[in-house]
Amino acid sequence: MPTAAKLIAALALALTAAAGAYVFIGQNTDIPIGARFIATNMVVGFFAGWYSLGRRPGHSNFSGALSGVRSLVFLLIGSGMVFAFYFVSQNLQQFKSKDIMSMPLAWIEKSFEYVVMSLNQDILLVIVIGGLISGVATYQASIRWR
């Protein structure tokens with residue numbers, strides 16, 4: 001059931017994901033990524049906000065902020081898994097991987113690599129601030145619009 005808290009959480013984490021992706025692109029200019037990277041991160045952020053933060057917005061501003069930070073974990077892992085799946089499927093389509101049974105392991109390995117790559121000081125600063133603001137905004141929406 002859609003609620004205001006879920007909508008605010010989804011939109012706020014989508015904006016946080018877009019800001020984090022923009023900073024990531026600025027720091028990793030050697031990787032050929034662009035606007036689709038930002039849009040895909042926004043979609044992942046929307047679903048992470050809707051399902052993680054929107055369901056449990058907290059019982060105070062502080063717990064709401066902590067819920068926002070908790071949702072960032074889902075955002076980072078989800079984004080890493082989406083882009084790792086894209087990388088693995090591209091390798092499979094271009095016949096760079098001949099063993100299909102090693103694909104799940106390669107997907108997990110690449111997911112971990114992408115998450116670690118995004119744990120940069122500047123990116124973490126942007127997404128943690130965005131997560132804190134998202135959590136407080138979601139809590140405020142949950143108490144104001146019932």
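This is a predicted model: local features need pLDDT of at least 70, side-chain atom pairs count only at pLDDT 80 or more; totals for chains, interfaces and linings use all residues.
## Exposed surface and overall build

Residues are numbered from 1 along each chain as its sequence is written, and side-chain values use heavy atoms, with hydrogens and water left out.

The protein chain holds 5 helices and 0 strands, giving the pattern α-α-α-α-α along the sequence (helices are DSSP runs of H or I with at least four residues, strands are E runs with at least two, and both are numbered from the N terminus). The C-alpha trace spans about 55 × 30 × 20 Å along its principal axes. Of the 146 residues, 38% are buried (buried means under 20% relative accessible area, exposed over 50%, and partly exposed in between, with a 1.4 Å probe and protein chains only). Among contacts with a separation of 6 or more, 75% join residues 24 or more positions apart (a contact means heavy atoms within 4.5 Å).

Now to a feature on the surface: F112, V116, L119, L124, V128 and L132 form a nonpolar patch with about 500 Å² of accessible area together. Patches are made of residues with over 30% relative accessible area and no salt bridge; like charges are joined within 9 Å, and nonpolar side chains (Val, Leu, Ile, Met, Phe, Trp, Tyr) within 5 Å.

Helices α4 (103-117) and α5 (121-144) each supply at least two residues of the patch, and α5 gives the most, with 3 residues. V116 sits in helix α4 and counts as partly exposed because its relative accessibility is 43%.

## Charges and the salt bridge

The protein chain carries 10 positive and 5 negative side chains, and the centres of the two sets lie 20 Å apart. Lys and Arg count as positive and Asp and Glu as negative, without His or the chain ends; each charge is placed at NZ of Lys, CZ of Arg, CG of Asp or CD of Glu.

The structure holds 1 salt bridge (a side-chain nitrogen of Lys or Arg within 4 Å of a carboxyl oxygen of Asp or Glu). It joins the side chains of E113 and K110, at 3.1 Å from N to O. These two residues are 3 residues apart in helix α4, so about one helical turn separates them. E113 is partly exposed at 35% relative accessibility, whereas K110 is buried at 15%.

Conventions:
Accessible areas come from the Shrake-Rupley method with a 1.4 Å probe; for residues, only the protein chains shown count as cover.
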